[in-house]
Amino acid sequence: MFYLDNAATTWPKPEIVYTTQNQSFREMFSPKRGTSKASRAGSEKLMHARQVLAGLFNIADPLQIGFTSGCTHSLNFAIQAFPWQPGDGVVMSAIEHHALSRPIRKMARERGIQFFVVPYTDENPFDMANFENLLQTELSIRLIATTHASNVIGSVLPIQEIGSLAHRYGKFYLVDVAQSAGVLPIDVQTFHIDMMAVPGHKSLYGPPGVGAVYVSDKVPLNTFLEGGTGNDSGKHPMQSKLPESVEVGTIALPGILAFAAGAQWVQETGLDKIHLHEKHLLKMLLEGLHAFPEIMVYGHQRLEEKTPVVSFNIPGVEPKELGNQLFDTYGIAIRAGFHCAPMAHEAIQTIHSGGTVRASIGYFTQPEDIEALLQALKKEIPRYNVSCSL
Ligand SMILES: Cc1ncc(COP(=O)(O)O)c(C=O)c1O
């Protein structure tokens, strides 16, 4: 298999991730409950996992990080536990994933909040002037919630400027780093981030089913899920303080520790080295695609402001059909369709044509994977042109 679906989940994982998951599953119990040695070992390792993430994102206090079942869970927590009042406003970008936009739309339907969308153009995926205008005119706005990078076209949003402006106007800033954690440097303090949703299974190379959320102690978040936390067991009310407020029930310790092992591996490998490798392959992919006049590539093409995620189409060809063909005939794993982000497909105008074919690169991608895709397209394009002209 030629694996080019790293934006969905990275594959393979570093060996340490597999061994950590296996070993901790065998040797440790979920922390905060039992008195056994295995349970105490679990508690220590859990703290270490928080410290790894705190180090990676420059989070002052590791206890401001809670572990979740994934970025979707983290975003739902941050958005649904936000202390909304009817009429409050929230701003998002025009290229959000369902994981962020659906909870916001739910809050609009059920809690009477208003949402505002900052316009997109290929060259300017988040119009800062329009954003500032919203902040000046819509006084009800309390939260800004954006992705760091698009999972459809890889365009990176200027989150440091967004955060800085949000804080200048006294608003909280929530960032979805699903596509950027482990790809780009992120510093919650310099970037003015108040809440951040992190996936485990993407570019931090952890397993599926785990993620993390960071919440600054300035945000008066409520609880989202209620249940046992291992603390205050004799009381009825649950604490609304991280990490207990999000780590409810028996947590997925083996997955969390494997996630931390992945994040530590990223740190040890070095973001610069990862970035260089991925950028080199991204350049190769974009140049290869541009060499086919029949292929349309979406979004801006500035390498420095793009994650290694590329959406393209052969106009007139159903993306899913091409995607299936690429795997069935050539063993190339990509993702075709709407990528859970119809807003992004509205923005790039592919919503009525079945979305796009998306190829995405990770640290374990090799030039042969890109070459395989380009060779396959070379063979496929004439076939489709023939059927189109019939
Ligand atoms: C931008 C973005 N946000 C959120 C998510 C959801 O992440 P998770 O699978 O960890 O819930 C994804 C996953 O594809 C994503 O690309």
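**A loop with a cis proline, and what lies beyond**

Modeller: Let's begin with proline 12, which is found in the loop between β1 (2-3) and α1 (15-27). Please keep in mind that this is a predicted model. What kind of peptide bond joins tryptophan 11 and proline 12? The bond is cis, and its omega is about -5°.

Once you have looked at that bond, go on to leucine 242 and proline 243, where the peptide bond is also cis, with omega near -5°. Here the proline belongs to the loop between β8 (211-215) and α7 (253-269).

One more loop is worth a stop, the one between β6 (172-176) and β7 (195-199), which holds histidine 192. The phi angle of histidine 192 is positive, near 60°, although the residue is not a glycine.

Now zoom out for the setting of these loops. The protein chain has 11 helices and 13 strands. Its C-alpha atoms fill a box of roughly 75 × 55 × 35 Å along the principal axes. Why does the chain agree with a compact globule? Because a compact globule of 390 residues would have a radius of gyration near 21 Å, and the protein chain has 21 Å.

From there, let's turn to the ligand, which sits in the largest pocket. There are 13 residues around the ligand, and those that come nearest are Cys71, Thr72, Asp176, Gln179 and Lys202. By type, the shell comprises 7 polar, 4 nonpolar and 2 charged residues.

For histidine 97, a polar side-chain atom lies 3.4 Å from a ligand oxygen. In glutamine 179, an N or O atom of the side chain is 2.8 Å from an oxygen atom of the ligand. For lysine 202, the distance between a side-chain N or O atom and an oxygen of the ligand is 2.5 Å. As for cover, the ligand taken alone exposes 390 Å², and the protein buries 86% of that.

Technical notes
Residues are numbered from 1 along each chain as its sequence is written. This is a predicted model: local features need pLDDT of at least 70, side-chain atom pairs count only at pLDDT 80 or more; totals for chains, interfaces and linings use all residues. Side-chain values use heavy atoms; hydrogens and water are left out. A residue is near a molecule or strand if one of its heavy atoms lies within 4 Å of it. A polar contact is a pair of N or O atoms within 3.5 Å; within protein, one must be able to donate a hydrogen and the other to accept it, and residues adjacent in sequence count only if both atoms are side-chain atoms. Accessible areas come from the Shrake-Rupley method with a 1.4 Å probe; for residues, only the protein chains shown count as cover. On a 1 Å grid over the protein atoms alone, a cavity is a set of points where a 1.4 Å probe fits but cannot get out, and a pocket is an open set with protein on both sides within 12 Å along at least five of seven lines; lining residues have an atom within 4 Å of a point. A molecule sits in a cavity or pocket if more than half of its atoms lie within 2 Å of its grid points. Ala, Val, Leu, Ile, Met, Phe, Trp, Tyr, Cys and Pro count as nonpolar, Asp, Glu, Lys and Arg as charged, and the others, Gly among them, as polar. Helices (H or I, at least four residues) and strands (E, at least two) are DSSP runs, numbered from the N terminus. The radius of gyration is taken over C-alpha atoms; the globule rule is 2.2 Å times the number of residues to the power 0.38.
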